[in-house]
Amino acid sequence: MTSGATITLQPACSPGRLPDNGKRFFLWTIGCQMNEADSSRVAAMLMEAGYRATNSEEEADIVILNSCVVRQAAEDKVAGRLNALMREKRRRPEMSLVLTGCMVTNQHEALQQRFPHVDLFFDPSDFESFKTFVPELSDLEDDLKTLPHYYVDEAIDARVSAYVPIIYGCNFVCSYCIVPYRRGRERSRPLQEIVDEVRHLVGRGVRDVTLLGQTVNAYGHDLDGEIGLPGLLRAVDAVEGLDRLRFLTSHPKYMSDEILEAMAGLNTVCEHLNLPVQAGNDDVLKRMRRTYAVEHWQNRIARARELMPGLTVATDIIVGFPGETDAQFDDTLTVLREAELDKVHVAMYSPRPGTLSARWEDDVPGEVKHERHQAVERLQEEVCERLNRRRLNTGQEVLFDSFKKGRWGGRTRGNSLVHVDNAGQLLGRIADVRITGATPWYMLGQVTGNPR
Ligand code: SAM
Ligand code: SF4
């Protein structure tokens, strides 16, 4: 969804409202799209205050790390990066080091003991404490909370796609997941605030918006009144100039017919669904505390496909959950083979201290987790190649967002990757493309109409 090449779009928050104050910030992000959106918000705030981005830690006045602890491997990367910054902090004690993201708990003392060289730990939902830490931010009259979750450093990047968080936190308690402990309970943003943010983004050249939430389809459950995700989709769809709208991640329990019907009836809403199943066996799902059976997830996808022919579907799978037998894992492979999904994000189970499943024995050996991980990837390669071959000679609408090694890259409405060789300027444009080649990972095509 991000582009790697430059394009002359007017970026939302660059340059900032205050003149360049000569100070630089370095921002490093790991984790999900929500973290990317939070990082964009932090960058936008700093740009507004006169800071500029740098991609070198050594010349930064503020270094901000946005962390993830969903799996041990991510947490280890953050800790490694923080420890490596110890030397830079000793060399330049005036450099500010800030940690945000899911590694930040309310136990700041414990964090401070572990990372004594960090100057500020701030919870991503508490932008106020970041604001007090950066004096220039208090010079801004505007409420910084209304800044869009979008920033582009012209020197590095430009984008036609943007993420917009619509609901924070999660009310589920899946037995393996640390998110509810770090992000708290569901909090929906007011509808008008979201619509205003999308309008602002579209005014700056964004064509493609993805609404974000850990359980995005729980939107509105905590708000007064009747507004839920269908109402929000209708309101955002009405923003003039928006071409594409998606949302992720949905929880199967809340994937109502009403939401699917709203999707099918709105022009901007793409024929794409992100619906994690996590496992293809009901006993495993029960122990994961997922609150649905496999059949329910299958039924939701079948209904969505009925309403939206050509729908693409993505899911998440955890392999090697405590107690998962070979036969239970085979059920997952069978479910995936039958469902023919376009994208499967597969992760090896990683016990997270404080969660329910961390109290159970992590009894699937590492090599078995690896084998299962690879088995899912092999199956998906087969499935994706088959799906992409079925698209040969079809027409697809592609939004181009990258130019690498002499080739344009873009996404279909279903979020599949397409490359074309074309002499024209396609970045940020939508073009009709005829599919001429298929691999498991991308398709090749030729532009057939005038890009718009
Ligand atoms: N809310 C979404 C849902 O209901 O599926 C997912 C959000 S979660 C932060 C993102 C993904 O990380 C999950 O779908 C899951 O596959 C993976 N994940 C979460 N906890 C994990 C763990 N302890 N070990 C391995 N993968 C994990
Ligand atoms: Fe984690 Fe489950 Fe909430 Fe998703 S629904 S964020 S997996 S607790």
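**View 1. Lys 405 takes a positive phi, near 50°, in the hairpin of β14 and β15**. Two residues separate the strands of this hairpin. The model is predicted: local features need pLDDT of at least 70, side-chain atom pairs count only at pLDDT 80 or more, and totals for chains, interfaces and linings use all residues. Residues are numbered from 1 along each chain as its sequence is written, chains are lettered from A and ligands numbered from 1 in the order in which they are written, and side-chain values use heavy atoms, without hydrogens or water. β14 and β15 (residues 407–411) run antiparallel and are joined by five bridges. Strands here are DSSP runs of E with at least two residues, helices are runs of H or I with at least four, and both are numbered from the N terminus. Two strands pair if DSSP finds at least two bridges between them. Across this pairing, Phe 403 faces Trp 408 in β15.

**View 2. β15 also pairs with β16 (residues 417–420), in the antiparallel sense**. Four bridges hold this pairing. Arg 411 has Leu 417 of β16 as its bridge partner. Five residues lie between the strands of this hairpin. Among the hairpin residues, Asn 415 takes a positive phi near 75°.

**View 3. Asn 393 has a positive phi, near 70°**. The residue is not a glycine. Asn 393 sits in the loop between α12 (366–390) and β14 (395–404). Most residues other than glycine have a negative phi, and most peptide bonds are trans.

**View 4. A cis peptide bond links Leu 248 to Thr 249**. Omega is about 0°. Thr 249 belongs to the loop between β10 (244–248) and α8 (257–265).

View 5. A polar side-chain atom of Arg 71 is 3.3 Å from a nitrogen atom of the ligand. A polar backbone atom of Tyr 176 is 3.0 Å from a ligand nitrogen atom. Ligand 1 alone exposes 550 Å², and the protein buries 90% of that. Areas follow the Shrake-Rupley method with a 1.4 Å probe; for residues, only the protein chains shown count as cover.

**View 6. β12, helix α11 (residues 326–339) and β13 build a right-handed β-α-β unit**. Right-handed means that, with the strands pointing away from the viewer, the path from the first strand over the helix to the second runs clockwise. β12 and β13 pair in the parallel sense over six bridges. Ile 317 has Val 346 in β13 as its bridge partner.

**View 7. Six aromatic pairs are counted in the model**. Tyr 176 and Phe 321 form one that is edge-to-face, with 6.2 Å centre to centre and 85° between the planes. Tyr 176 lies in the loop between β7 (167–168) and α5 (179–183) and Phe 321 in the loop between β12 and α11, so the pair ties together parts 145 residues apart in sequence. Rings of Phe, Tyr and Trp (its six-membered ring) pair if their centres lie within 6.5 Å; planes under 30 degrees apart count as stacked, over 60 as edge-to-face and the rest as tilted.

**View 8. Five strands form an open, parallel sheet in the order β2-β1-β3-β4-β5**. β2 (52–53) and β5 (120–122) stand at the edges with a single partner strand each, so one side of each has no neighbour in the sheet. β4 (residues 96–101) and β5 run parallel, joined by three bridges. Thr 100 stands opposite Phe 122 in β5.

Notes. Polar contact = N/O pair within 3.5 Å; in protein donor to acceptor, adjacent residues only side chain to side chain.
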